[in-house]
Amino acid sequence: MGMTDVLIVGAGPTGLVLACDLARRGAAVRVVDRSPAPPRTSRAKGPNPRSLEILDDLGVAEEVLAAGSAPLPMLKYRDRRPVAEADPWADSAPSPDARYGRGWLIAQWRLEGILRDRLAGYDVRVEPGREVVGLAQGRNEDESGSGSGSGSGSGSDGDYRGHGAHGGHVDVTGVDGPAGRARYVVGCDGAHSSVRKLLGIPFEGTTAEDQVMVCGDVDLADGVLDRTRWHQWFDEDGAVMLCPIPGTRTGWWFQAGPERDGRGRPLAPTADGFRRLLAHHTALPGRALTRAELLSTYRVNVRMADRFRAGRVLLAGDAAHVHAIAGGLGMNTGIQDAFNLGWKLGLVLAGHADAELLDTYEEERLPVAARTLDLTSERLRATLEAIRRPGGGLDAAITPDTTGLGVGYRWSSLAAGDRAQEAGEPGPRAGDRAPDAPCADATTGERTRLHRVFAGPGTTVLGFGPGSAAVLRETANAYGGDAGVRVCRVYAAHEDRAGAEPGAVVDDAGHVAAAYGTEASGDPAAGTVVIVRPDHHVGVLAPADDARSVREYLRRLHGTGRSAERSPGMVDAAR
């Protein structure tokens, strides 16, 4: 089957986002999934604001918005009667620095279908019915040195680090025999990840056997329940929650406390059991539920892998971490893992960055996963507390933390050259999400926004103030022929923009300066340079005359640019 660049195991949202991101970078990618057909699961209820920004970057946000619906107000009942209504999103609106003020409701299988279609546009199709049962990491025969690993993910990380992208490989075995060879393998294969098990990476944590929920997709008779609300019945002896599935006429997501046997043990979900729960907690008759499928039992699992990388094999999404459902962060954390990893793999595979760049994936995402475990467990605790009182409901799980917009990596080794910022000074710090902001194209006057400027697989260098012109020019000269680095001069409304380069923008309403804390100082030569990574995080924030910080950072990610093409020997010298 030849060598592929990246073999992704698992075709859920995490694997598909990673595949789309790699495919648009020109990487050869394969996606295998053990299911014989795309699973129609009753799981995540949709992307949060940060995931919507990522889907927008991949070019599918409009489709996702069209296929789903805005989050719904929650109507809460006690003893079958409505007692309170809450709309946790009532006050959330788009702002200049964040286009998406709230998440979106969409069935996970619809989202996966949209991502599969996008992937097909790059001529990549999910290979169903392929289960991975063996991974062997090795080096190519022409490499010097010993240490070829074999067996199930054997060999320490150390054996495989520091070898360029084209050195080693992973041989993948499927149920029917060899399944191909890849430079890298990424396990996006869920909480029961076979990739993680093959690597022998522990999945430490707890499973709360008593915190159980039964779930499924159901049809209710037409008109028996208002489809503009998420209905939640919380009683002393259990609960039923029904949320309309967007894009369907009679489909609902059903979640409930399970029926229990005489000894208090939870019973497996069945359609008749759902009908009994419905009749017991709501004013609806059991027969109003006409169909139930995709039945599952959900237990609160809080677990995390102790590392996300073993040599040329990496873990992302539920394969790396699972947490309480509260706040809806499971799928979102996976999508954001994929967006962090995609550009790093892309730059290593292209030979621009050293393989050590992949270490920053775990360095950045493992602490985020750990914090998400804490956050969701706390939200679950708050929710369980809230529903004991009449009028309490799932809105207790929604906080500003659940938007994903505040997640950053200030601790990362990729957060460099931070200008000395006083506490409380406006603007992001190195490592933070780079804010969006409306602006105008400097040459055409067309409306645009910074996240449109950042969109696509490249790194963006923003220059503020006349003082930034020199470093932008130097960067354009070094990397101009390489689509991986682009420069963008941000003009203040009062600045003369005669001779503006294509791609420059005008901060006509001051939103960019407000978001980045770059309000003009009195010095006409002053300025600021901001490097924005391909995943919209700030890499460098430096004064415009600090060309060295910019040069070093770009070299770490993108090599030395055009100079490298002229003299191949320089690449090694620079590393």
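The largest cavity of this predicted model holds about 80 Å³ of space. A cavity is here a set of points, on a 1 Å grid over the protein atoms alone, where a 1.4 Å probe fits but cannot get out; grid points are joined across faces, edges and corners, and a volume is the space filled by probe spheres set on the points. Rolling a probe the size of a water molecule over the atoms shows where empty space is left. In total, the structure contains four cavities of 30 Å³ or more.

The lining of the largest cavity consists of R50, I54, Q336, F339, N340, R365, G404, V407, Y409, D535 and H537, where a lining residue has an atom within 4 Å of a point. Four of these residues are nonpolar, four polar and three charged; Ala, Val, Leu, Ile, Met, Phe, Trp, Tyr, Cys and Pro count as nonpolar, Asp, Glu, Lys and Arg as charged, and the others, Gly among them, as polar. Helix 8 (330-349) and helix 2 each supply at least two residues of this lining, and helix 8 gives the most, with three residues. Helices (H or I, at least four residues) and strands (E, at least two) are DSSP runs, numbered from the N terminus.

This model is predicted: local features need pLDDT of at least 70 and side-chain atom pairs count only at pLDDT 80 or more, whereas totals for chains, interfaces and linings use all residues. Residues are numbered from 1 along each chain as its sequence is written, and side-chain values use heavy atoms, with hydrogens and water left out.

N48 lies in the loop between strand 2 (29-32) and helix 2 (49-57). N48 has a relative accessible area of 6% and is therefore buried (under 20% relative accessible area, with exposed over 50% and partly exposed in between; 1.4 Å probe, protein chains only). Its side chain reaches the backbone oxygen of T403 at 3.4 Å.

Leaving aside residues up to four places away in sequence, A547 touches V471 and E474, a contact being heavy atoms within 4.5 Å. The C-alpha atoms of A547 and T475 are 9.3 Å apart, although 72 residues separate the two along the chain.

Turning to the strands, an open sheet of eight strands has the order 4-3-9-10-11-8-12-15 and mixed pairing. Strand 4 (81-86) and strand 15 (321-322) stand at the edges with a single partner strand each, so one side of each has no neighbour in the sheet. Two strands pair if DSSP finds at least two bridges between them. Strands of a sheet pair through backbone hydrogen bonds, either parallel or antiparallel.

Within this order, strand 8 (residues 203-220) and strand 12 (residues 289-305) are antiparallel and share 14 bridges, with V214 opposite T297 in strand 12. Strand 8 is also joined to strand 11 (residues 251-256) by six bridges, again antiparallel; here C215 has Q255 as its bridge partner. Strand 9 (residues 230-235) runs antiparallel to strand 10 (residues 238-244), with five bridges between them, and Q232 faces M241 in strand 10.

For the protein chain as a whole, there are 15 helices and 23 strands. Of its 575 residues, 55% are buried. Among contacts between residues at least 6 apart in sequence, 71% join residues at least 24 apart.

Terms used:
A polar contact is a pair of N or O atoms within 3.5 Å; within protein, one must be able to donate a hydrogen and the other to accept it, and residues adjacent in sequence count only if both atoms are side-chain atoms. On a 1 Å grid over the protein atoms alone, a cavity is a set of points where a 1.4 Å probe fits but cannot get out, and a pocket is an open set with protein on both sides within 12 Å along at least five of seven lines; lining residues have an atom within 4 Å of a point.
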